[in-house]
Amino acid sequence: MLTTPLQVLVFSAPNCESAAPFVDGIITAFQGGGTGYIAGADDTGVPVWEYTEKPRQSVKDVLRGALHTLAVILLGREMLDEQPDLIDWLKDLIQQTTGPAHAVLIIDLDRSSRALTRTASAIKPSQIFTPEQLGEYAIRPTVAGLIALRNAIEVVSSGTTKLTSKLKLFVSHAKLDGISLAKSLSDLITSLPRFQSFYDAKDIAPGSDFRQILQDGVENSVLIILRSGQFEDRPWCLQEMQWAEEYTSPYMVVDLRHALIVPPARAVFENVPTVWVPDGNQYRVIFIALRESLRCRLHLRIAEELEAKDPQGMHYEILIRRPSMRGLRRLLGPSGPRTPIAIVYPDPPMTAADNDAAQAYVQALSAGSVLTTPQTIAATTLSGGVP
């Protein structure tokens, strides 16, 4: 039985009108659907539990439900005055989530947090946000959802060394026709509480090793690719995508092209999410970038747990995207592993025809190695079958 990598707990007072939009924003961030600035995405698969009263289980039992927990507390006077049992439970929760495996986020709806922090000393100022810190009234639930996603990424990353835990959004663009949106998007990212962007004009000082800084930036970031008409004609843009493939860095695409006829792609854009912003909604871009980063980290945690439980002790090479033939060649070529490995890419599995071709190629490069997904492993290898 595999442990759920992440669960999200959302606490609010019953029938609290000021909390309701934030609850919706946070649930939409993880479960998709919804309305507003971050509407329309699919479900991340992360279980979200909503509480308006004290949970029946103890704090320890609730935390055992997943490897990592993000608890979001929508704190207001109604909760403090009318739900003392829930407040006591939350104080216990805060004391038990001080380590890297779990995290607490508090939205202080009416500046009531002092009443809680006086008796729950483990709360840090960085864990508390007031609505005013989240921007204009209409976007506050959206920003709360984005902050919850970012915090979830950080807490899940505490269990793996495969990807950096410090989230940075790298805006990759062609200056000839992408600079306006790139600058605007970078400014929006850095305006969000505790968000960081990488934007070459601001983050590369004159006289620096331009190539090395860009390479390090791609390796330690989520790449937001502004696919304008000139993007694929710019060598540095293509180089940044190549580095993202080599480092298995998460990336997503914002399609800005307007031409009625476009040539074949010169870069690998398949198997990554693409968004459009005809309405100018740049929050959608940040939202999808965060979800792609979270998806990668959840996949890593699941695959690492499977590797630890593998009855054959096989080494896993964990990929965050479905591999291309070029990627398999790079992984298993002359300088590749000398013993068979399991190459684990995210579900869903390839189609039968693609899988047969890819498996044959893997065998030709490294006899005994397999190409598989977490669900396939869980359904076969752990139960005594063959992946």
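**Sheets and their helices**

Strand β1 (residues 6–11) and strand β3 (residues 68–75) run parallel and are joined by 6 bridges. Within this pair, Gln 7 has Thr 69 of β3 as its bridge partner. The model is a predicted one, and the points below take its two regions of pairing in turn.

The sheet containing β1 and β3
- This open sheet is formed by 5 strands in the order β2-β1-β3-β4-β5, and the pairing is parallel.
- At its edges stand β2 (48–51) and β5 (128–129), each of which pairs on one side only.
- Helix α1 (residues 20–31) packs on the sheet and touches β1, β2, β3 and β4 (102–108), while its direction makes about 165° with that of β2.
- Helix α6 (residues 140–157) also packs on this sheet, where it touches β1, β3, β4 and β5, and its direction makes about 150° with that of β3.

The sheet containing β12
- Here 3 strands form an open sheet in the order β11-β12-β13, with parallel pairing.
- Because β11 (315–318) and β13 (370–372) are the edge strands, each with a single partner strand, one side of each is left without a neighbour in the sheet.
- From one strand to the next, the twist averages 25°.
- Strand β12 (residues 341–344) is joined to β13 by 3 bridges, the two running parallel, and Ala 342 stands opposite Val 370 in β13.
- Helix α12 (residues 325–332) packs on the sheet in contact with β11, β12 and β13, and its direction makes about 150° with that of β12.
- Helix α11 (residues 283–309) lies across β11 and β12, running at about 170° to β11.

Definitions and conventions
Residues are numbered from 1 along each chain as its sequence is written. This is a predicted model: local features need pLDDT of at least 70, side-chain atom pairs count only at pLDDT 80 or more; totals for chains, interfaces and linings use all residues. Side-chain values use heavy atoms; hydrogens and water are left out. Two strands pair if DSSP finds at least two bridges between them. Helices (H or I, at least four residues) and strands (E, at least two) are DSSP runs, numbered from the N terminus. Axes are lines fitted to C-alpha atoms, for helices over the stretch in contact, and angles run from 0 to 180 degrees between N-to-C directions. Contact means heavy atoms within 4.5 Å.
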